[in-house]
Amino acid sequence: MSVPHTKRVCQIIKLKPEAEAEYKQIHAAVWPGVLAALKRHHIVDYSIHYHPPLQLLIANFKYTGSDYDADMRGIAEDPETQRWWKVTDGMQESFVEGATGSGGAVPWWQDLEEVFRFEGKA
């Protein structure tokens, strides 16, 4: 159930076809420091799905903090997360014009607009 102040985020990026096996392997055992940074910065219920025909990665997560931009900067400043991104960014191709990698001034993952939500109440 959503908390009233919860922000839902959905993002996409392209996975390079030659990186599929490695990407899945590394995400089967995400580094504890990366997970700790996400938790510290109020990211919960995070999942990434893969659609092979379009080589599309689809990330969904909920943000439960009160300052999204500050928490995103906090994640980007985390040394373990920076090391993680050095590994994973090379496996991806951004849809965002001008993006050069995770944690940069231009977002690496493309944010998507939410067009429908049903939370079980009619």
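Trainee: Experimental or predicted, by the way?

Mentor: This is a predicted model.

Trainee: OK, strands. How do β2 and β3 pair?

Mentor: In the antiparallel sense, over 7 bridges. Strand β2 covers residues 43-51 and strand β3 covers residues 56-63.

Trainee: Which residues in β3 partner I43 and H51?

Mentor: I43 has Y63 as its bridge partner in β3. H51 stands opposite L56.

Trainee: How many residues sit between β2 and β3 in the hairpin?

Mentor: There are 4 residues between them. One of the turn residues is Q55, with a positive phi of about 55°. Q55 is a residue other than glycine.

Trainee: Which other strand pairs with β3?

Mentor: Strand β1, residues 7-15, pairs with β3. That pairing is antiparallel too, over 8 bridges. Within it, R8 has K62 as its bridge partner in β3. Keep R8 in mind for the charges.

Trainee: Back to backbone angles. What is the phi of D45?

Mentor: About 50°, so a positive value, although D45 is not a glycine. D45 lies in strand β2, whereas Q55 is in the loop between β2 and β3.

Trainee: Is D45 buried or exposed?

Mentor: Exposed, because its relative accessible area is 55% and the cut-off is over 50%.

Trainee: Where does α3 run, and what about E77?

Mentor: Helix α3 spans residues 68-77, and E77 lies in it. E77 is exposed, with a relative accessible area of 58%.

Trainee: How far apart are E77 and G65 in space?

Mentor: They are 17 Å apart, C-alpha to C-alpha. In sequence, E77 and G65 are 12 residues apart.

Trainee: Now charges. How many salt bridges are there in the whole structure?

Mentor: A search finds 7.

Trainee: Why would such side chains pair at all?

Mentor: Side chains of opposite charge can pair when their charged atoms come close.

Trainee: Give me one inside a helix.

Mentor: E80 forms a salt bridge with R83. The closest N and O atoms are 2.5 Å apart. E80 and R83 are 3 residues apart in helix α4, so about one helical turn separates them.

Trainee: How accessible are E80 and R83?

Mentor: Both count as partly exposed: E80 has a relative accessible area of 23%, and R83 is at 44%.

Trainee: And R8, which you told me to remember?

Mentor: R8 meets E119 in a salt bridge, at 3.5 Å from N to O. E119 lies in the segment after β5 and R8 in strand β1, so the pair ties together parts that are 111 residues apart in sequence.

Trainee: How accessible are those two?

Mentor: E119 is partly exposed, with a relative accessible area of 38%. R8 is partly exposed as well, at 34%.

Trainee: Which residues are linked with R8 in a network of salt bridges?

Mentor: E114, R117 and E119 are linked with R8. R117 is partly exposed at 35% relative accessible area, and E114 is partly exposed at 44%.

Trainee: Last topic, the surface. Which residues make a nonpolar patch?

Mentor: V115, F116 and F118 make one of about 410 Å².

Trainee: Where is F118 found, and is it buried or exposed?

Mentor: F118 is found in the segment after β5 (110-111). F118 is exposed, with a relative accessible area of 54%.

How values were computed
Residues are numbered from 1 along each chain as its sequence is written. This is a predicted model: local features need pLDDT of at least 70, side-chain atom pairs count only at pLDDT 80 or more; totals for chains, interfaces and linings use all residues. Side-chain values use heavy atoms; hydrogens and water are left out. Patches are made of residues with over 30% relative accessible area and no salt bridge: like charges are joined within 9 Å, nonpolar side chains (Val, Leu, Ile, Met, Phe, Trp, Tyr) within 5 Å. Accessible areas come from the Shrake-Rupley method with a 1.4 Å probe; for residues, only the protein chains shown count as cover. A salt bridge is a side-chain nitrogen of Lys or Arg within 4 Å of a carboxyl oxygen of Asp or Glu. Helices (H or I, at least four residues) and strands (E, at least two) are DSSP runs, numbered from the N terminus. Buried means under 20% relative accessible area, exposed over 50%, partly exposed in between (1.4 Å probe, protein chains only). Two strands pair if DSSP finds at least two bridges between them.
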